[in-house]
Structure formats: C-alpha cells, structure tokens
Protein chains: 2
Amino acid sequence: MANVKVPKLPTIRRLPTYLYKLSEMRKAGIEIVATPELARYMNLGEIVIRKDLALTGVTGQPGVGYKVRELIDAIKRYLNWNNVSEAVLVGAGALGSALMGYEGFEEYGLRIIAAFDADPLKVGTEVRGRSVFDIDRLEELTRRLQVRMGIICVPADQAQDIADRMVAGGIKAIWNFANVSLKVPDDVIVQREVIAGGFAVLSVKMSRKLLEEDAQD
Amino acid sequence: MANVKVPKLPTIRRLPTYLYKLSEMRKAGIEIVATPELARYMNLGEIVIRKDLALTGVTGQPGVGYKVRELIDAIKRYLNWNNVSEAVLVGAGALGSALMGYEGFEEYGLRIIAAFDADPLKVGTEVRGRSVFDIDRLEELTRRLQVRMGIICVPADQAQDIADRMVAGGIKAIWNFANVSLKVPDDVIVQREVIAGGFAVLSVKMSRKLLEEDAQD
DNA sequence: CTAATTTAGATAAAAAAATATCGATAATAA
DNA sequence: TTATTATCGATATTTTTTTATCTAAATTAG
C-alpha cells in the first residue's frame with residue numbers, strides 16, 4: 001500500500017464537520033465566525049479549533065474571528081474537494097445503495113459513476129440513477145472510463161478479490177467498507193472504514209460509565 | 001455528554017477487525033495464532049498487535065502464540081459484546097436500512113428492535129423485519145421497551161431534535177451518523193460516526209501522493 | 001481617548017500512541 | 001542434548017496529539 005504518511009489525522013477527520021457548519025452559516029448570510037462558537041458546536045476546546053483551522057492555512061483576525069467564506073474555500077482546497085473524483089462502487093447491496101443515495105458526496109467532490117454486483121438480479125438494473133454492471137466487467141469498464149477511485153461494499157470474504165480486480169483496472173485509491181485489510185501494490189492507497197469500530201468505542205464507553213456509576217454508590 | 005475518558009481508542013477501534021479474523025480462524029479449526037500472522041493481516045507492526053491484545057488481558061505464550069478461542073472471548077468481554085444491547089433506530093432511509101440489514105451486528109451484541117421515521121409512507125411498513133413506527137411515538141415506545149441505546153440516521157438538521165426525544169425516552173447511549181455534534185445531558189454518551197471523515201483522509205492521502213510523485217520527477 | 005474585553009497565534013508542556021530494543025520462553029532441528 | 005529459530009512481554013524511545021500559557025491585535029464600553 002502506498003506509504004503516504006499524513007499527520008494531523010484527527011484534524012482531517014474533523015474538517016468535514018467544520019465544512020458542514022460553515023456552509024450552513026454561509027447560507028444564513030453569516031460572514032464571520034469566532035472560535036468560541038465553533039468550539040461549542042464541535043464540543044471541543046477552543047485551542048483545538050484554532051489548531052485545526054491553522055492547518056488549512058487560513059489566518060483569522062485577533063479580536064474578530066475568521067471569514068466564513070475563506071474557511072470554506074481553504075478547507076475544500078486542503079481536502080482537494082474542489083476537483084471532482086469519479087469513482088466506481090462494487091456491491092450494490094444495502095450499504096452500497098446507501099452510499100449512492102447520499103447526496104452530500106457531490107459537495108465533497110465525489111461522484112459515483114457506476115456500480116457493479118455479482119447478483120444477476122441486480123445486474124442491468126439502476127440504483128439511484130446509476131447502472132449496475134456485472135462484476136466481470138469491472139476491470140474493463142474501469143479502465144475505459146479512466147476511473148481512479150473504487151469503493152468496496154461487498155462482504156469481507158469477497159473484498160480482496162474485488163480489490164485485485166480494481167487494481168487490475170487501474171484504480172489507485174480504494175475506500176474499503178469491508179472489515180478486512182486489503183493487500184494491494186505499493187502505489188495504491190486504501191482507506192478503510194470500519195463502522196463496527198465506532199460501535200466498539202461506544203460499547204467500551206458504556207461499560208466504563210456503568211463501572212463509574214457503581215463506584216459512586 | 002458523559003465525560004467518559006477512554007484511552008487506547010485506536011486499539012479499541014481495531015478490536016472488531018481482530019475479532020472477524022479470529023472468528024474466521026476458529027471456523028477453520030485453527031486454535032493458535034501468532035503475532036506475525038495477525039500483523040500481516042492487519043497491515044500493522046508486530047508490536048502494535050501485541051499491545052492491542054495485551055489490552056484485553058490475554059497473555060500469549062512465548063515461542064508459540066495466542067489461543068484463538070481465548071482471544072475471541074477476551075475481546076468480546078472487553079467490548080462487553082457478550083451482553084446484548086437493544087437499540088432503536090431513527091431514520092429508515094438508505095443508511096438506516098443498510099444498518100438494519102447488516103447481520104454482523106448480532107455478532108457484536110447489537111440488536112435493533114424497532115425503527116422510526118417521519119415519512120407517512122414508511123410508517124407501518126417493515127424494513128428488514130423491523131416495524132417502522134411514527135417518529136411521534138419514539139419517546140413513548142422507547143420508554144415502554146426500556147431501550148437504552150439509540151441510532152440516529154436522519155439528516156443533520158433533524159438530528160438534534162431526535163436526540164432530544166431519545167433522551168426524553170430514557171436513552172443513555174446514542175450512535176450518531178448525522179454530521180453534527182449533539183447537545184445532550186451529562187449522563188448520555190454519544191458516539192459520532194462521520195463517514196465523510198474517512199473520505200477526507202483518503203482525499204488528503206491522494207493529494208500527498210500526487211505531490212510526492214511530482215517531486216520525484 | 002482610555003480601559004476592559006474578546007480573540008487569534010505563538011510557544012511550551014503534558015498526555016497518548018506508535019515504534020524500537022532486549023531478555024526470556026518454547027518449539028524444532030542438528 | 002545442544003544450538004537455532006520463533007515468539008511473547010517488559011522497558012525505553014520517539015513521534016504525534018492534546019492541552020495550557022502568554023502576547024498582541026481589534027473591538028466595545030465608559
């Protein structure tokens with residue numbers, strides 16, 4: 001896998017949330033925002049906010065705050081969300097359909113242009129406006145469409161096979177929702193989304209809270 | 001929000017992935033696993049693996065490895081996934097349906113027992129075996145069913161309202177898929193899942209890689 | 001106009017996480 | 001039996017992330 005070291009990862013993960021809030025503010029006609037307001041919104045300390053925003057290169061004005069518009073532009077530029085990334089999605093099941101139905105992605109510069117599935121009942125149909133192709137055509141179509149990003153929404157035991165086909169088709173970045181880590185060549189980037197990971201954190205927090213409550217009695 | 005400080009968060013997020021791999025191994029009849037194999041699977045260093053496993057309390061045998069069964073039990077115990085958590089889900093749209101359709105949750109001790117939605121067309125229907133109730137009955141039914149966990153899959157602008165109703169209904173833990181941070185009383189835990197966060201990381205990694213490649217020429 | 005307040009940004013310290021080193025234990029091969 | 005290899009676990013180091021402190025700039029109230 002491409003060994004692209006990216007520090008400030010927690011900050012990067014937070015940027016989309018800033019972006020949402022700032023977009024709402026702009027829609028409401030607000031032009032300036034100060035740290036304390038964002039801190040309340042994000043449930044974070046003020047210093048965190050300033051550090052996060054500093055990463056994008058914007059510079060606020062002491063005593064005043066940041067320009068909303070400037071922040072939005074800077075965040076999008078930092079994330080490279082100005083340029084549209086076209087992607088193919090494999091696995092038009094529940095999760096795959098959900099992702100295709102998420103309109104927010106357009107805002108993020110992500111455009112899913114085609115879906116693939118192994119199920120003959122799904123092949124040939126449309127899911128939220130995208131054609132579902134036979135999985136056997138993944139490599140060919142990916143290459144022809146010059147797509148560089150792939151999204152994997154298949155069960156864990158099929159994910160590696162799909163990843164191999166994506167790589168064969170010229171994919172250079174994979175967003176992997178299957179609960180396995182993929183083996184890919186050095187020049188391919190994989191970002192794994194383990195939804196269960198968040199639930200694990202929630203579970204541990206709950207256990208801890210119960211223990212704390214018991215301890216208080 | 002309940003201020004439950006939990007260190008070793010990255011480890012906790014990784015535990016479900018270990019759990020999947022270990023379950024597969026057990027199904028295949030494998031009883032012992034050593035760090036190098038897990039390290040390859042996880043795409044992580046061996047030391048990380050040992051530290052992660054140590055957190056659960058298991059102790060391996062030098063020169064041999066860890067007992068698969070013991071690890072599975074220890075991870076589940078650590079995450080409190082032995083005990084079933086019943087949850088209600090609000091927002092039976094694309095993402096909500098996907099979550100209800102994910103069979104893996106049973107393995108994690110999560111049981112979604114009912115769904116709620118504001119859309120009259122959805123109310124009264126069934127989604128993947130669960131009844132969809134009117135959102136106005138959320139508080140009442142949550143209280144009657146004694147459910148303590150809620151999953152929010154509604155658009156960002158409705159999430160706070162749903163959270164308030166959940167809290168009114170006695171919910172103590174919220175798994176929030178909306179892209180906002182929620183204000184809740186101190187004794188309620190919120191775990192937020194920002195799917196776009198992962199995409200942000202992927203985007204930055206891609207930009208960096210392009211820069212690196214350009215630099216090499 | 002001056003003083004108090006709000007706020008950004010730089011520097012520093014603390015905490016957490018990732019990584020490295022080394023000794024000890026068990027299995028395997030000579 | 002002995003030497004070699006594989007592996008865990010304890011300790012130490014480095015890096016990353018979070019948190020704190022202080023200074024300077026801008027606004028607002030008196």
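1. Strand 8 and strand 9 of chain B. In this predicted model, strand 8 of chain B runs parallel to strand 9 (residues 189-192) of chain B, and 4 bridges join the two. Within this pairing, Asn176(B) has Arg192(B) of strand 9 as its bridge partner.

2. Strand 7 and strand 8 of chain B. Strand 8 of chain B also pairs with strand 7 (residues 149-152) of chain B, again in the parallel sense and over 4 bridges. Here Ile151(B) is the residue that stands opposite Trp175(B) of strand 8. Helix 8 (residues 156-168) of chain B belongs with these two strands: strand 7, helix 8 and strand 8 form a β-α-β unit, and this unit is right-handed.

3. Relation of the two chains. Chain B is superposed on chain A by a rotation of 180 degrees, with 0.0 Å of shift along the axis and an RMSD of 0.1 Å. This is the relation of a two-fold axis.

4. The interface. In the contact between the chains, 64 residues of chain B touch 64 residues of chain A. Of the interface residues of chain B, 100% are also interface residues in chain A, so the copies meet through the same surface. The size of an interface is often expressed as the accessible area that is lost when the parts come together. Chain B and chain A bury about 5,800 Å² between them, and 66% of this lies on carbon and sulfur atoms. How many salt bridges are there between chain B and chain A? The count is 0, whereas the structure holds 22 salt bridges over all chains.

5. Side chains of opposite charge can pair when their charged atoms come close. Glu24(A) and Lys27(A) form a salt bridge through their side chains, at 3.4 Å from N to O. The two residues are 3 positions apart in helix 1 (residues 9-27) of chain A, and therefore about one helical turn separates them. Glu24(A) is partly exposed at 32% relative accessibility, and Lys27(A) is exposed, with a relative accessible area of 69%.

6. Further salt bridges in chain A. Glu106(A) and Arg111(A) are joined by a side-chain salt bridge of 3.5 Å, N to O. Glu106(A) counts as partly exposed at 47% relative accessibility, as does Arg111(A) at 33%. Elsewhere in chain A, a network of salt bridges links Asp136(A), Asp161(A) and Arg165(A).

7. A salt bridge between helices of chain B. The side chains of Lys76(B) and Glu107(B) meet in a salt bridge at 3.6 Å, N to O. This pair links distant parts of the chain, with Lys76(B) in helix 4 (residues 68-79) and Glu107(B) in helix 6 (residues 104-107) of chain B, 31 residues apart. Is Lys76(B) buried or exposed? Its relative accessible area is 17%, and as the cut-off for burial is under 20%, Lys76(B) is buried.

Notes. Residues are numbered from 1 along each chain as its sequence is written. Chains are lettered from A and ligands numbered from 1 in the order in which they are written. This is a predicted model: local features need pLDDT of at least 70, side-chain atom pairs count only at pLDDT 80 or more; totals for chains, interfaces and linings use all residues. Side-chain values use heavy atoms; hydrogens and water are left out. A salt bridge is a side-chain nitrogen of Lys or Arg within 4 Å of a carboxyl oxygen of Asp or Glu. Buried means under 20% relative accessible area, exposed over 50%, partly exposed in between (1.4 Å probe, protein chains only). Copies are superposed by least squares on the C-alpha atoms of residues with pLDDT of at least 70 in both. Contact means heavy atoms within 4.5 Å. Two strands pair if DSSP finds at least two bridges between them. A crossover is right-handed if, with the strands pointing away from the viewer, the path from the first strand over the helix to the second runs clockwise. Buried area is the accessible area (1.4 Å probe) that two parts lose on being put together, summed over both.
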